[in-house]
Amino acid sequence: MTRLTARALVAVVFWPSLFFFWFLGPFVLFLLSTTSSEVCARLETRAEFLAAANGALPMLVVQTLIYAIPIVCLVLWNRLSPEPARARHIATCIKLFAVATVIGAVWDYGSSLICDGYGQPFFSPAWRMTSYLPIVGLLINIPLYVLTFSLGRSYSTRDDITEDGVVHSKQDNS
């Protein structure tokens, strides 16, 4: 299998996952989180709150693994055609993704702890501060999205086409 074919296969996974998981996914999760408020009314004790918050942890792990697919594609592209400048940008993407993941997990976990319809202060007011984390997450995700999109675009563009559109035949049997 040639490197060009492998790069094309990674692109087939990268672009749909970037679009559906990164661009549409947050909107879908936001809609689901705002329409499912019946759980909050049933939580009356501290133990119920903790059980609900801890029950959300497996979903957070699955969500993070799904969101990591474009980052994994960037790493695969870098392995197929390594370039030091792009490798540094991919390392930056990985760091931004890790920070965004931690902030998102703390926000999801914290928001499930303060999700009562009765205003009962079961937990520390510090968990209420997690309501500001989506703003911080947005400030981190914007450069992450832009950098990931630009890296994906540069990796999925054919190297054998010049700017004037001429295709240079180059055998790549690696």
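Me: Is N78 buried or exposed?
Reply: N78 counts as buried, because its relative accessibility is 16%, where buried means under 20% relative accessible area, exposed means over 50%, and partly exposed covers what lies in between (1.4 Å probe, protein chains only). Please keep in mind that this is a predicted model, in which local features need pLDDT of at least 70 and side-chain atom pairs count only at pLDDT 80 or more, while totals for chains, interfaces and linings use all residues. Residues are numbered from 1 along each chain as its sequence is written, and side-chain values use heavy atoms, with hydrogens and water left out.

Me: And where is N78?
Reply: N78 sits in helix α5, which covers residues 69–80; helices (H or I, at least four residues) and strands (E, at least two) are DSSP runs, numbered from the N terminus.

Me: What does N78 touch?
Reply: If we do not count residues up to four places away in sequence, N78 touches E83, A87, I90 and Y155, where contact means heavy atoms within 4.5 Å.

Me: OK, E83 then: which residue does E83 form a salt bridge with?
Reply: The side chain of E83 meets that of R86, with 3.3 Å from N to O, and a salt bridge here is a side-chain nitrogen of Lys or Arg within 4 Å of a carboxyl oxygen of Asp or Glu. E83 is partly exposed, with a relative accessible area of 34%, whereas R86, at 15% relative accessibility, counts as buried.

Me: How many salt bridges does the structure hold?
Reply: The structure holds 1 salt bridge.

Me: Which ring does R86 lie over?
Reply: R86 lies over the face of Y155, at 4.6 Å from the ring centre. For a charge to sit over a ring, NZ of Lys or CZ of Arg must be within 6 Å of the ring centre and within 35 degrees of the ring normal.

Me: Which aromatic cluster is Y155 in?
Reply: Y155 forms one aromatic cluster together with F14, W15, W77 and F149.

Me: How many aromatic pairs are there in the whole structure?
Reply: A search of the whole structure finds 7 aromatic pairs, where rings of Phe, Tyr and Trp (its six-membered ring) pair if their centres lie within 6.5 Å, and planes under 30 degrees apart count as stacked, over 60 as edge-to-face and the rest as tilted. W15 and F149 make an edge-to-face pair, because their ring centres are 5.3 Å apart and their planes stand at 75°.

Me: Which helices do W15 and F149 come from?
Reply: W15 lies in helix α1 and F149 in helix α7 (residues 133–156), so the pair ties together parts that are 134 residues apart in sequence. W15 is partly exposed at a relative accessible area of 26%, and F149 also counts as partly exposed, at 39%.

Me: What sort of pair do W22 and Y145 form?
Reply: W22 and Y145 form a stacked pair, with 5.2 Å from centre to centre and 25° between the planes. This pair, too, links distant parts of the chain, since W22 belongs to helix α1 and Y145 to helix α7, 123 residues apart. W22 is buried, with a relative accessible area of 3%.

Me: Switching to T148, what is it in contact with?
Reply: Leaving aside neighbours within four places in sequence, T148 is in contact with F14, L18, W22, P70, I71, L74 and C93. T148 lies in helix α7 and is buried, with a relative accessible area of 0%. The C-alpha atoms of T148 and L18 are separated by 8.8 Å, although these residues are 130 apart along the chain.

Me: And C73, is that one buried or exposed?
Reply: C73 counts as buried at 5% relative accessibility. C73 lies in helix α5 and, with neighbours within four places in sequence left aside, is in contact with V10, V13 and F14.

Me: Last one, how many helices and strands does the chain have?
Reply: The protein chain has 7 helices and 0 strands. Of its 174 residues, 26% count as buried, and among contacts between residues at least 6 apart in sequence, 81% join residues at least 24 apart.
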